[in-house]
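I opened the model to go through the chain contacts, the cores and the charged pairs. The entries below follow that order.

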There are 2 protein chains.
Amino acid sequence: MAARVAPPDAACMHTRAPRIGIVGAGVAGLQLALFLRQHGVETTIFTDRTPVQLLGSRLPSTVCRFAPTRDRERALGAEHWDDPALATNGVHFSITGAPLQFSGAFARAASFVDMRLYQATLLEDAANAGVRVVNGALHLSDVLVRAKQHDLLVIATGRGRLSDLFPRVEDRSPYAEPQRRLFAGLFNGIAHASQQTLSFAISPGHGEIFTAPFFTLTGLVSGILVEAIPGGDLEPLTHTRYADDPAGFETALIDALRVHAPMVFERIDRSAFALTGPLDLLQGAITPVVRAGFVEIKPGVFAQAIGDAHVLNDPIMGQGANAASFAARTLGEAILSGGPFDAQFCTHVEQRIWAYTRSVTEWSNASLQQPPPHVLHVFEAASNNSAIADAVVDSFGYPQRAWSVFGSPDGASAFVRSFESAAA
Amino acid sequence: MAARVAPPDAACMHTRAPRIGIVGAGVAGLQLALFLRQHGVETTIFTDRTPVQLLGSRLPSTVCRFAPTRDRERALGAEHWDDPALATNGVHFSITGAPLQFSGAFARAASFVDMRLYQATLLEDAANAGVRVVNGALHLSDVLVRAKQHDLLVIATGRGRLSDLFPRVEDRSPYAEPQRRLFAGLFNGIAHASQQTLSFAISPGHGEIFTAPFFTLTGLVSGILVEAIPGGDLEPLTHTRYADDPAGFETALIDALRVHAPMVFERIDRSAFALTGPLDLLQGAITPVVRAGFVEIKPGVFAQAIGDAHVLNDPIMGQGANAASFAARTLGEAILSGGPFDAQFCTHVEQRIWAYTRSVTEWSNASLQQPPPHVLHVFEAASNNSAIADAVVDSFGYPQRAWSVFGSPDGASAFVRSFESAAA
């Protein structure tokens, strides 16, 4: 690899307003584009799909946006789904087959919005705000061409294999293969839980089932995410082809819910239960990986990775949007502070992002294993004390806080004890 | 009304390139915008909904686009749904309770595409082509403001009561009230007819039922349009609230199809039959009206009406998109020929458009009455002669030709005789 040589006009480059190119229009890319534009920065976003193409595509995820992410959206003028009737107000947690369950409330509500709708809407917002939107395929060769036209290129998508630009960081990436097989789908015919809570059911040996009110193009439906342990009862849902036998698939899913998430099963109206549409279903698996946060793509021009391009986790703790939003805001503030957008700049940004996303990664990775005794101890305490239950549930929006509780026996004990002393 | 005074700079105005403002992003507005932009004319389109808002809105219609309209789309680079698997290749016509039925093929296929998807896609096309797209409510006051910024304003929407700008032409508007109550919906669970034909079932005394392959955001489904004669069996479908009892509504619709469109009923898979989504249903009624084709909205600035703003028909003959597309092309070509865009220009355009849409209006209005003997004579001839059946069906794409056949006993006789002499 050639040694880096500062271009002769480097000083000159950064006396004028910077030009930022963002590749990818997910949570990270869109929030960064809106933030930069809000502060007058000339910003281009490159995306492979228009709003119409997004809305005609397959369900990509079942993303939860917690209060801090929603705050950042509000600051960007992108609070399109603030109606309390659409909110998710808490979590009902249960371990199937065990007498352990509790419900807790978020201090401020979370929200599940179909990412196809979210991305399409924020892409329109960005265009209306003056972000230049360029549609087209996202290939590495394009990125290299675009690098010439920007002072900093931001890679905010794992699509088109662009994340391969950034080397895997081995000591932050403990898994060589997926720990769960995934099924996600949108359904009619499930009554929403009281308080519109997210149901989080752990079925030991089989996996986890998440069910929540989910806002899509046509209104509020139910989103189901099944995290299936390979070889367990739930795994067939993650690879059986729905289109081959829709009614059979729906029956198999209902049977799985009856056994592994009985609190959700009880809310099903059998006659109305159905996938909301042929594309509203996703099957797959994710190998968690942390990559280097930046790379010099040509002498003097750097690409910074944010969101999934930088840190990709299994969705088990629902932190993807939060981490992407945090990273976008962190990078956005750094850009406003000024260049040069060199290795030092990118290193600093990566470190600030990792200070947050380390908790997300370690918590998500740990949650893919059997819960250790100190985690079960916190769950038991929550099932006996509603203040603890609320605190546990609210911590889902604050992964650093959550990981300080769940990451070690000491943290768990200190957390539970803090309520004892408060009650004393 | 003030007499028209030519502005002092009228000559000067039209030596530079004209600026055209189009209010409304339906078939007429979008095709005109794309056509003008293709020829380098500075064009702005005003619309009250973004692509995302369009795709999240209620089903607006079940529009058929015949071959001449599709040709014009192809010339505009807007042929997004050309896959033959999505096409409608002919019409199966029947009179329920009578031994009269025939199938005919279009010489070139027609297409039913969800107008929400169509409009959203062509709106993106227009923006990408360099049409300026302005989003916002469409009120008369806005139109007056915008008139100052354009050399010609085109009103291409009936929304926001903008069509009220154009006086009703009494002698072209025979009806004071709707002749049909309408129900339209998109459904899963109807097998497509062989050759993917449109089923056109007349049930005497009750109305007409149209069923066709229909492409929407999620794929190919079935579109049903019920044209209910007030007081007949079909009318309850046009005002019963679906949301109050979806299963009951679907049962009532199936019952209606069994009696009034048995050829469609036979293709229903009861277990899969369902509305495709909560917004994929429309109920209403239309009073057919022809309006003046233009108005002087401020001294020297004219507004030309095209599409539904000019001529609004009951959808019984499915000619709305064709008429809108024809009008857009006609006006577009006139604009390219140059201004001034004055009363003489607008009169000339209106006359050219009416030369086509007169057939659409008279044919559609006549079809709202019981078929007279000469029409039944053509249908009988078609049921006995496949060449006549094909010619009848293909004429649906060419309303002037269709009306020359169906508009008078002489035309009908001449049409049928032309096949006898060909066979002789």
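**Interface**

I began with the area between the two chains: chain B and chain A bury about 1200 Å² between them, 64% of it on carbon and sulfur atoms. Buried area here is the accessible area (1.4 Å probe) that two parts lose on being put together, summed over both. On the chain B side, B:Val52, B:Glu124 and B:Leu217 lose the most area to chain A, together 43% of what that side buries.

A note on the basis: this is a predicted model, in which local features need pLDDT of at least 70 and side-chain atom pairs count only at pLDDT 80 or more, while totals for chains, interfaces and linings use all residues. Residues are numbered from 1 along each chain as its sequence is written, chains are lettered from A and ligands numbered from 1 in the order in which they are written, and side-chain values use heavy atoms, with hydrogens and water left out.

I then listed contacts (heavy atoms within 4.5 Å). 16 residues of chain B touch 16 residues of chain A.

How many salt bridges does the rule find across the interface of chain B and chain A? I found zero, a salt bridge being a side-chain nitrogen of Lys or Arg within 4 Å of a carboxyl oxygen of Asp or Glu. Polar contacts across the interface come to four residue pairs, both residues at pLDDT 80 or more. The term stands for a pair of N or O atoms within 3.5 Å; within protein, one must be able to donate a hydrogen and the other to accept it, and residues adjacent in sequence count only if both atoms are side-chain atoms.

Helix 3 (51-55) and helix 5 (115-129) of chain B each supply at least two residues of the side that touches chain A. Helices (H or I, at least four residues) and strands (E, at least two) are DSSP runs, numbered from the N terminus. Helix 5 of chain B gives the most to that side, with five residues.

**Cores**

Next I looked up the nonpolar cores, sets of buried Ala, Val, Leu, Ile, Met, Phe, Trp, Tyr and Cys residues joined through side-chain atoms within 4.5 Å. Buried means under 20% relative accessible area, exposed over 50%, partly exposed in between (1.4 Å probe, protein chains only). The largest core has 100 residues, and A:Leu152, A:Ile306, B:Leu152 and B:Ile306 have the most contacts inside it. Leaving aside neighbours within four places in sequence, A:Ile306 is in contact with residues including A:Ala28, A:Leu32, A:Val154 and A:Ile353. Apart from that core lies another, of 45 residues, among them B:Trp363 and B:Trp403.

**Salt bridges**

I took three of them in turn.

A:Asp82 and A:Arg70 meet at 3.2 Å, N to O. A:Asp82 is in the loop between helix 4 (67-75) and strand 4 (88-95) of chain A, and A:Arg70 is in helix 4, twelve residues apart. A:Asp82 is partly exposed at 31% relative accessibility, whereas A:Arg70 is buried at 7%. Both belong to a network of salt bridges that links A:Arg70, A:Asp71, A:Arg74, A:Asp82 and A:Arg108.

A:Asp164 and A:Arg291 meet at 4.0 Å, N to O, and are 127 residues apart. A:Asp164 counts as partly exposed because its relative accessibility is 41%; A:Arg291, at 15%, counts as buried.

B:Arg180 and B:Glu208 meet at 2.8 Å, N to O. B:Glu208 is in strand 10 (residues 207-216) of chain B, 28 residues from B:Arg180. B:Arg180 is buried at 3%, and B:Glu208 is buried at 5%.
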